[in-house]
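Hi,

Here's the structure I said I'd pass on. Have a look at it first, then read my notes below.

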Amino acid sequence: MYADNRIDSEYVLKAYRKAEEQLDQKSWKKIVKFADVTDGIHESIDFDDNSEINLISAKAPKNNVFDLSSTGHISQAQNTANPRTQLRKDDVIVSTVGTIGNCAVVNERVLPANADRHVGIIRIFDSEFKPRFLSSFILTKYGRYQTARFTTGNVQPNLFIYKIKDIKVPLLSEEFQNTIEQMVLNAEQLLAQSDKAIQDAEILLNGLLDISNSENNTYSVRKSSDSFLQSGRFDAEFYQPKYDKYEQSIKNYANGFTTIDDKFQLVTEKCSKSLGQYKYVEIGDINVGNGSYTYNTINTEDLPDNAKIMTCCGDILVSTVRPNRGAVAILEENNLLVSGAFTVLRPKSDYSTEILQVLLRTSTYRDWLLKFNVGTSYPVIKDKDVLNLPIPMFEENVQKEITDKVRESSRLRKIANHLLDKAIQTVEMAIETSEETALLWLEVQE
């Protein structure tokens, strides 16, 4: 929750008092004075994969952006029956369970959308406050300490709606707020461009792998000597002919094929856990929509049992849990500790890591990986099944085009995230010094 991950009540209380003293040096208003606050639907959500209406849950808002990759869609009928919770442009959404206090503003890309009961919906009615300034403030340490202080409960901590109404927000000038608003809007545009670049790469590879699935619902009839005695598998899923079609198509690729094992090394280096804390990545930290990732800094004694593998910049994480979701990411920094639920791959040749990431996120490979699922209550795939996958040797021009698109996507995302971080830092500086000092600092930042 905090930079040093201390969440004991005495520390939180002292930190809040210090933050409150600093905030009280400014004029402020409580949210209830300039916005309506409510929560989402209280009943069980009726999910519908065929609906276009996004569900906004506590997992969706992050650092002034939404991650909709794992939230699902709500049915049209339930959305219509709940007009109170239908989201509007510029609604400020705050997570009230899980990682409490995460925040983002609804834009056109999110809509149409509805929300569940695990988020607060702040709808500003006073033009004195800008929505993206408000969300940026809530994400500062002065907002975070308030959401932390107002959180109640031990088993499942919760931030209640009436407590959101009591959050104090500094009264900063319209000029300053507009500057923050524009920074976040610019970041949103860059993130949209980033997502399009990765989507274009996936569309290109999907087209090159154009494999018909017309026989998806049929199964092969084989002798036991051709099946169980070789594979050890009795389940019919393993023998669907579409998987043979995938394999033959790749192996017949005009420019040839290789295997993941031939081009990438399996990383198995275990964490010594000799440090006080680690940057930890688990399955839920992978954005399956765009292949990006986040991490949490966690004290060593609080790490989950499955925090196992140490990684390097350039390693590829492939989720072995629900592999058809496409949770595949390229790490962009050293010394991240990752869950044992990843197959971790390190390049040992000139085969592009960007190509492999996009390839494993295509519909063909995501569906193909289901062949290797083992277990019933918690299906997973094994490292060896990832390593044994054949992969095409793409032509040089295709490799360059895909690699350039993925790198451009990453570049734009970094710029956007830097802008979002600066917006928060600028608000903090305005509270601690003055608006003028904060804006002058902003001018000299790259």
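In which loop does Pro112 lie? Pro112 is in the loop between strand S5 (103-105) and strand S6 (113-115). Keep in mind that this is a predicted model. What makes the spot worth a look is the cis peptide bond that joins Leu111 and Pro112, with omega at about 0°. For background, most peptide bonds are trans, and most residues other than glycine have a negative phi.

Asn64 isn't a glycine, yet its phi is positive, near 70°. You'll find Asn64 in the loop between strand S3 (54-56) and helix H2 (76-81). Asn335 also isn't a glycine and has a positive phi, of about 60°. Asn335 lies in the loop between strand S15 (328-330) and strand S16 (337-339).

Are they buried or exposed? Asn64 has 2% relative accessibility, so it counts as buried, the cut-off being under 20%. Asn335 has a relative accessible area of 54%, and because exposed means over 50%, Asn335 is exposed.

Helix H1 (9-23) and helix H4 (141-150) are the elements that give two or more residues to its lining. H1 provides the largest share, four residues. Among the lining residues are Tyr16, Leu23, Tyr145 and Lys168. By class, the lining has five nonpolar, one polar and two charged residues.

Cheers

Note on methods:
Residues are numbered from 1 along each chain as its sequence is written. This is a predicted model: local features need pLDDT of at least 70, side-chain atom pairs count only at pLDDT 80 or more; totals for chains, interfaces and linings use all residues. Side-chain values use heavy atoms; hydrogens and water are left out. On a 1 Å grid over the protein atoms alone, a cavity is a set of points where a 1.4 Å probe fits but cannot get out, and a pocket is an open set with protein on both sides within 12 Å along at least five of seven lines; lining residues have an atom within 4 Å of a point. Ala, Val, Leu, Ile, Met, Phe, Trp, Tyr, Cys and Pro count as nonpolar, Asp, Glu, Lys and Arg as charged, and the others, Gly among them, as polar. Buried means under 20% relative accessible area, exposed over 50%, partly exposed in between (1.4 Å probe, protein chains only).
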